[in-house]
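Me: I have not seen this structure before. Please take me through some of its details in questions and answers.

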Amino acid sequence: MPYFDHNATAPLNTVARDTWLRLSDEAWHNPSSPTRDAARARIRLDAARERLAGFLNALPERIVFNSGATEGAHAVFNYWRQTFPTDARIALNPTEHPCVLEAARRFFADRIVMLPITSDGVVRVDALEKLLNENTSIAGVAVMAANNETGVIQPWREISQLCDARRRAYLCDATQWLGKLPGSGLGEVGWLIASAHKFGGPKGAGFLVLAPQADSFASQPGGAQERGHRGGTEDLPSIAAAVAALAEAEQSKVFLEEERLRWRREFEREIIASLPNARVIAPDADRLWNTVSLLLPHAENTRWVAKLDKRGFAISTGSACATGKEGPSHVLAAMGVPADEARRVVRISSGWSTTEADWQALREAIVAVAAEIVPPDNVIKL
Ligand code: PLP
């Protein structure tokens, strides 16, 4: 079944699966135990950390393995609240994933400033700069690397430099970027969070990169695992599998193949030609090669998704976490997309093994579904 919902989760990469099985047999020991087998597990844990650090240009000792981005966001904001002045505020990109927005609200409540964005959903760096110059009470900034619903890429390098120069903390959610674009440099931005299942690793595994001077960070006290930053026995097979999955993407560089972007663009062009009232969201923005946020005519997105599902195509209405919730996406609302249009937007997200033929088949299926639900005058068959 052609799977176009990689931004919700990706299938387990075969190298990651092999790694997980092998280490579950060979290295199941507790890396903190005082035996030789445990020491061998510890060596493998350190090797996974070093390898990951290499892909991100991070310092290995700043990497904390955890369960993923949701945990990471909560841990970072909690630490910020504990270490920032009591009246400090934070600035957020309004199109962040709900796990970032909700964690921020939990720890900062009404001490949150939403950043201005363009109609394509890109944070305005000039406005951020002005805000940081004028508001000394803003101590931290959170802007993701790439958006899960639209694929829109944020200027995280510039934002990181800006925050660095103004001595503000910066949290970057790289969950959708990693595995789809090179991770190089992300380990230097400040605080970084990610989940392995978005790039072909196991679910429930991820990591956090600590900013410099975060030595007192202890998200959950307990054992002295992860240098005391996160208590709890490390899941070495999942950690090693996560790093193996990222290594597959980074080393094969499939994500840099230009044709992948071309397939997505062709798909967009042909769909718009076939369905007069269809529209791509943020068409001119820099977007991930795998993601299309598509406004479809006539029916609500849930109907399109269900009909395509019946035909064997997995797509989504938006962020997986928002699926089933009432109301249109907060991302589209922040971009100024009217609510009645946002309810007709679907998210299509391809993966590393998606072919040009899969994109064409999806286009044909959408046109076929349109013939069922759109009044005949509004469909042009190619
Ligand atoms: N951040 C982004 C951009 C995401 O797309 C997701 C998942 O959809 C998350 C964070 C949360 O990831 P997890 O549920 O693995 O913690």
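Reply: Contact here means heavy atoms within 4.5 Å. Keep in mind that this is a predicted model.

Me: Which residues does Arg230 touch, not counting residues up to four places away in sequence?

Reply: Arg230 sits in the loop between strand S7 (206-209) and helix H7 (236-252). Leaving out residues up to four places away in sequence, Arg230 touches Val64, Phe65, Asn66, Ser67, Glu71, Ser219, Gln220 and Gln225.

Me: Is Arg230 buried or exposed?

Reply: Buried means under 20% relative accessible area. The relative accessibility of Arg230 is 16%, so this residue counts as buried.

Me: What is the length of the polar contact that joins the side chains of Arg230 and Glu71?

Reply: Glu71 is among the residues that Arg230 touches. Their side chains are joined by a polar contact of 2.6 Å.

Me: What is phi of Glu226, a residue other than glycine?

Reply: Glu226 is placed in the loop between S7 and H7, and it is buried, with a relative accessible area of 5%. Most residues other than glycine have a negative phi. For Glu226, phi is positive, near 50°.

Me: Where does His298 lie, and what is its phi?

Reply: The location of His298 is the loop between strand S9 (291-295) and H9. Although His298 is not a glycine, its phi is positive, at about 75°.

Me: Why do the buried residues of H9 line one face of the helix?

Reply: Helix H9 covers residues 301-310, and Asn301, Trp304, Val305 and Leu308 are buried in it. They line one face because, seen down the axis of H9, they fall within an arc of 95°.

Me: What covers the buried residues of H9?

Reply: The buried residues in question are Asn301, Trp304, Val305 and Leu308. Their cover includes helix H11 (339-342), strand S10 (345-349) and helix H12 (356-373).

Me: Which residues are around the ligand?

Reply: By class, the shell has three nonpolar, seven polar and two charged residues. They are Ala69, Thr70, His97, Cys99, Met144, Asn148, Asp173, Thr175, Gln176, Ser195, His197 and Lys198.

Me: How much of the ligand's accessible area does the protein cover?

Reply: A nitrogen atom of the ligand is 2.6 Å from an N or O atom in the side chain of Asp173. Of the 390 Å² of accessible area that the ligand has on its own, the protein covers 88%.

Note on methods. Residues numbered from 1 in each chain as written. Predicted model: local features only at pLDDT ≥ 70, side-chain atom pairs only at ≥ 80, totals over all residues. Heavy atoms only, no water. Near = heavy atom within 4 Å. Polar contact = N/O pair within 3.5 Å; in protein donor to acceptor, adjacent residues only side chain to side chain. Areas by Shrake-Rupley, 256 points an atom, 1.4 Å probe, with all protein chains shown as cover. Nonpolar A, V, L, I, M, F, W, Y, C, P; charged D, E, K, R; others polar. Buried < 20%, exposed > 50% of the residue type's maximum accessible area, 1.4 Å probe, protein only. Helix = DSSP H or I, 4+ residues; strand = E, 2+ residues; numbered from the N terminus. Arc of directions from axis to C-beta.
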